Amino acid sequence: MKGLTFILTDKCNITCDFCAPNCGPKIKGALSAETMIRVYDEMSSLMPVANVVFTGGEPTLYINDVVKVIQHIKKDGVSSRIVTNAYWGKTEKLARRFLTKLKNAGLYEFNFSVDDFHQKYISYEAIKRATELALEYEFPVLLAHKTYPDSESDISTFEALLDRTIPIYEDLTPDEKDKHKLCFSSGNTIPVGRGIDTIDVNKWVPSNLPRSYWEGPCDEVLRNITVQSDGSVSPCCGLVDRGLGVFYYGSVYEKSIPQLISKANSSTLYNWLALEGPEGLMNAILEKSTNEKFHGTYLQNCQLCQEIFSSEQKMKILIDCIPEKVNDLSAKRMNHEVHRSLYKSKTKPNIYMTATCQ
Amino acid sequence: MKKVIKIEEFVGTQKSDTQKELSQELLESELPIFQDKMKYQNQQMMLVLSDIVKSTELDPVYMLDPIKYLDERNIFSFKRGEIAPGMELTNDGYRELILSLRKKYIEDGEMPPEVLSVHSTTSTQSYVREDRRTSFTFEKSNITGTERRAITSSETRTSTVTSGRELLEFNLRRALVDPEILTNEGE
């Protein structure tokens, strides 16, 4: 299992102009430490969990719950990560209090969300202080940056801020990633969520993007489990629009994790996404109905998923496609399992979940 | 003036009843291989065992149908000191267990094809101490999986220590669920 992600709250101390999950200060509700621990225990009893991620919203608004969960998973040697806007870097005293607590609990690493949208509310000085102190406490830090056509910040902004060269995470080998405590990663801002009405989508998503941006199997579906703040479970990174019911297949308050995993793992739709990606779904829709329109280029495959599952017409066509597709997908999944078993030392496994849980 | 274009598909916030119903319908479909869970799990077990054969260079002919190899009581039982030479590769529980399964698949009787899942009934003591026997119970099921009966070994210790049992169950599930770990871990 690649990872377990807790979007433990949608509450955030800031209201970015652009936010995919529409987070903000007025939103209430969060996963309790007890719920997260139960979910982790149920999952780790079935399969090894590579890492646990706490995100939101701003997860450090519930730092005591986060600390409890980290202390619990630490016994299994599981890596943990907090994705935060690092507002707590506004004073040294506050930052040290946070970092001491998390170091003692056993947190492994931080992702700091940094971009124009966040830095409208979180000062660069706070980011600088949080980064330097986190490094002092020997936490690996990834500056996770989102860019867009009019973006003013980039890696040079943060190199100047921190007065050092920062390696780009995606360019590093696994060994190099271990050596560098501070890295930078930049991705495109997907036009989803709050702020969508204020942008020129055609400018954000130019028509000349290479297919590599969005084609191929989805790397997240059936490799991750994301538990949302209301307990609903997604089979992927969970960063899709909350309005898309197709990505929520149950609640941790109603079913056990083995039941939920079994359901996700045997799902025709999720296997389809895992084996062929949303591109495979689009091709099937176009084969069935040549009149169906697609934007055609995407910043990443999530955006294509978004397009498909927010269209009733496309969903109806997909439902018609499924009976013709299931045998092909079954064969692909089985072949995949055989391939994974025989050649695992040479290739990266593509699907981690199996249906052996009852 | 900034041109604003709203593309409905990108917003994705429609939550109509129709969309919810379509989502439910899409989520209801299950791949045929998972509808026959027993067949799938047997396939999984074969993959695990064929992997062991590869890693230990045993004759693959034994693994053509590994489900057939189990003693008459449907129980795998082993002593640490009696395990095949490959055992000293690691002290990890799952590898010991798999090695013992391999030994019994090859040497002992036939395991019924309806074997559905595996549960450990060992204790921490028997797991840790080399001279204790460790037993594994296979739970049988009928074809529909609704009626089960557990076949337990007379050698199963009654004073089960939870942590030890859980450890072995965990390792066994890991091995059966994900063949990947057999070579990536415990080396």
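Biologist: What ground rules apply here?
Modeller: Residues count from 1 along each chain as its sequence is written, and chains are lettered from A, ligands numbered from 1, in the order in which they are written. As this is a predicted model, local features need pLDDT of at least 70 and side-chain atom pairs count only at pLDDT 80 or more, while totals for chains, interfaces and linings use all residues.

Biologist: What radius of gyration does chain A have, against a compact globule?
Modeller: The radius is taken over C-alpha atoms, and the globule rule is 2.2 Å times the number of residues to the power 0.38. The C-alpha atoms fill a box of roughly 60 × 45 × 45 Å along the principal axes. With 358 residues the rule gives a value near 21 Å, and chain A agrees with its 21 Å.

Biologist: How far apart are the C-alpha centres of domain 1 and domain 2 of chain A?
Modeller: The bounds come from an automatic or database domain assignment, which gives domain 1 (3–204) and domain 2 (261–343) in chain A. Here 4 residues of domain 1 are in contact with 6 of domain 2, contact meaning C-beta atoms, placed from the backbone, within 7 Å. The C-alpha centres of the two domains lie 30 Å apart.

Biologist: Is Ile166(A) buried or exposed?
Modeller: Ile166(A) sits in the loop between α6 (155–162) and α7 (174–179); helices are DSSP runs (H or I, at least four residues), numbered from the N terminus. Leaving aside neighbours within four places in sequence, its contacts include Leu143(A), Phe158(A) and Phe184(A). Buried takes 20 or more other C-beta atoms within 10 Å of a residue's own, exposed 12 or fewer, partly exposed in between, with C-beta atoms placed from the backbone. Ile166(A) has 20 other C-beta atoms within 10 Å, so it is buried.

Biologist: At which residue does α10(A) bend?
Modeller: A straight helix of 21 residues would span 30 Å at 1.5 Å a residue, yet α10 (residues 268–288) of chain A spans only 18 Å between its end C-alpha atoms; the expected span is 1.5 Å times one less than the number of residues. A bend is the angle between axes fitted to the seven residues ending at a residue and the seven starting there. In α10(A) that angle is about 110 degrees, with Pro278(A) following within four residues, and the bend is at Glu276(A).

Biologist: How many of the 21 residues of α10(A) are buried?
Modeller: For chain A, 47% of the 358 residues count as buried. α10(A) is largely enclosed by the rest of the structure, because its buried residues number 15.

Key. Contact = placed C-beta atoms within 7 Å. Helix = DSSP H or I, 4+ residues; strand = E, 2+ residues; numbered from the N terminus.
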